[in-house]
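Open the model in your viewer and keep the selection tool ready. This tour goes from stop to stop, and each stop tells you what to pick next.

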Amino acid sequence: MIGVRPSVLAPGGLWQNWGRSASSHPVMMARPTNVDEVVSIVRFARDNELTVKTVGAGHSFSAIAATDGIMLDLGWIEGLSAVDERLGRVTLGAGTNLYQLPTILAPYRLALANMGDIDRQTIAGATSTGTHGTGARFGGLATQIVAATLVVGDGSILRVSETEHPELLPAVRLGLGALGVLVDLTIQCVPSFLLSAVERPVGFDFVLDEFEEHSSATDHFEFYWWPHTDGVMAKTNTRLPAEAERKPLRRINEFVEDRVVSNGVLSVICNVGHVAPFVIPSINRLATRVYGNRSYTDHSHRVFASPRTTRFREMEYAIPRAAVPEALRAIRTLIDDRGWRISFPIEVRVAEADDNWLSTAEGRDTGYIAVHRHFRDDPEQYFRAVEQIMKSYGGRPHWGKMHYQDAESLAGLYPHLADFLAVRDRLDPGRTFTNPYLDRVLGA
Ligand SMILES: Cc1cc2nc3c(=O)[nH]c(=O)nc-3n(C[C@H](O)[C@H](O)[C@H](O)COP(=O)(O)OP(=O)(O)OC[C@H]3O[C@@H](n4cnc5c(N)ncnc54)[C@H](O)[C@@H]3O)c2cc1C
């Protein structure tokens, strides 16, 4: 292929995502080391009527990263390329993983304003699917992106920022990988800070009866409800200045609690539950006693993110925040009525309204409800039934998590969908960057 070093390309093979809920056979794997090579690959694909799909860390549960065309891995286009210390902004290669950021940002005393619960994703993959954490006054990663460079469908390089094509920012910050190959992203950071974390077991009704108050009383509020129980593990994280006193978990305690107790117990529950579902209610009750009763203060990234060693599948819906208590009670009734045995906790988080066109929090203060199943359990019946409940609240599915909607059923949920599709037509008229998932949710 003209312009592409042979070492950049390799024959494709089986690709699978982390949750083992999506797989594909890319015809080729490409690992470019610079932007010119990305341009050559995109042009080669366009000229040969192949598609190109960039994969991040493969941590989406939906098939959003799957392709039978050329799979592009930007693992070599990573790390810091520019810093604006005055504005607190960093420009990073799109293949940078979130777990690299603490080391990259430390010399500048900067941090991400908010994070989800793991740090394995790439920044490009995370922002492209609307990855979020929790916090009534905070948005997801895409709200922190102030500029991006991407290679678009004709192979040209497009710079989007507050001064260059600013009208494209609300689309490019959260573009589902449909608009081009992001090669760098500029993130608006905040001064580094500590988080004081308090995890406590509380009652189901206690947390739902005053959900709005709980979720706005602290900077970052979330909770996990164990089906078949009245037990909830509530987690509040309060922001403190970087100079405040750190009281981290002792390494040994952290290892025992996060790896052995949290992930280990969860793994046992899931494995036992898989072969003997009737024991799930009792072990869930036990779990409400061993999980979450601790407090500590540490660097923000050490509190936001933790390891996930038990493989699972997930569906997450965004609904108007005020609807969360009613929706979760409806899911509880559903589980009871159907007699299902669900071993995984349901996670509830919040986010501030934002203005990214395909953001699940676009235009409304949002509550998130996430349901999970162990990867060996078939999630479909449970997820489809929960999806019906979430749809009745105008629910928007997380783009990187499982759901069963398509372009027709999603129409009407996003006021700026037509604007996004117009940008897609402009940047990728030949659909070089599409795949079956994007055809399904956006149309061909
Ligand atoms: C254990 C686990 C925990 C999770 N926790 C959270 C959470 O707390 N909050 C949350 O919101 N989500 C969470 N997720 C979902 C996850 O954050 C998203 O699915 C995210 O997109 C995964 O990032 P990735 O780098 O693996 O991207 P991938 O899944 O590999 O790709 C996702 C999309 O990004 C596109 N993309 C990737 N790189 C580029 C690029 N350079 N240019 C253009 N497009 C690109 C891909 O083409 C694809 O469309 C979790 C997932 C797992 C498995």
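Select helix H3, which gives the most to the shell around the ligand, with 5 residues. Helices here are DSSP runs of H or I with at least four residues, strands are runs of E with at least two, and both are numbered from the N terminus. Keep in mind that this is a predicted model: local features need pLDDT of at least 70, side-chain atom pairs count only at pLDDT 80 or more, and totals for chains, interfaces and linings use all residues. Residue numbers run from 1 along each chain as its sequence is written.

**Stop 1: the ligand shell**

Now select the whole shell. A residue is near a molecule if its C-beta atom, placed from the backbone, lies within 6 Å of it. There are 33 residues around the ligand. Gly-56, Gly-116, Gly-125, Gly-177 and Gly-400 come nearest. Color strand S5 (52–55), H3 (123–129) and strand S12 (181–188): each supplies at least two shell residues.

What is the make-up of the shell, by nonpolar, polar and charged residues? It has 13 nonpolar, 17 polar and 3 charged. Ala, Val, Leu, Ile, Met, Phe, Trp, Tyr, Cys and Pro count as nonpolar, Asp, Glu, Lys and Arg as charged, and the others, Gly among them, as polar.

**Stop 2: the two domains**

Select 80–191 for domain 1, then 193–403 for domain 2. These bounds come from an automatic or database domain assignment. Each of the two domains gives at least three residues to the ligand shell. Their C-alpha centres lie 25 Å apart.

Next, look where they touch. In all, 28 residues of domain 1 are in contact with 29 residues of domain 2. Contact means C-beta atoms, placed from the backbone, within 7 Å. On the domain 1 side, helix H4 (169–172) and strand S13 (190–191) are the elements that give two or more residues. That side divides into 13 nonpolar, 10 polar and 5 charged residues.

**Stop 3: a hairpin**

Select strand S7 (80–84) and strand S8 (89–93). They run antiparallel, joined by 4 bridges. Two strands pair if DSSP finds at least two bridges between them. Find Val-83: opposite stands Val-90 in S8. Between S7 and S8 lie 4 residues, and Gly-88 in the turn has a positive phi of about 70°.

S8 and S12 run antiparallel, with 5 bridges. Thr-91 has Thr-186 in S12 as its bridge partner.

**Stop 4: the open sheet**

Select 8 strands in the order S17-S14-S16-S15-S19-S20-S18-S21. They form an open sheet with antiparallel pairing. S17 (294–299) and S21 (396–397) stand at the edges with a single partner strand each, so one side of each has no neighbour in the sheet.

Zoom in on S15 (220–225) and S16 (231–241), which pair over 6 bridges. Trp-225 has Val-232 in S16 as its bridge partner.

**Last stop: the whole chain**

Zoom out. The chain has 14 helices and 21 strands. Its radius of gyration is 21 Å, close to the 22 Å that the globule rule gives for 444 residues, so the chain is as compact as a globular protein of that length. The radius is taken over C-alpha atoms, and the rule is 2.2 Å times the number of residues to the power 0.38. Along the principal axes, the C-alpha atoms fill a box of roughly 60 × 50 × 40 Å.

Notes:
Contact = placed C-beta atoms within 7 Å.
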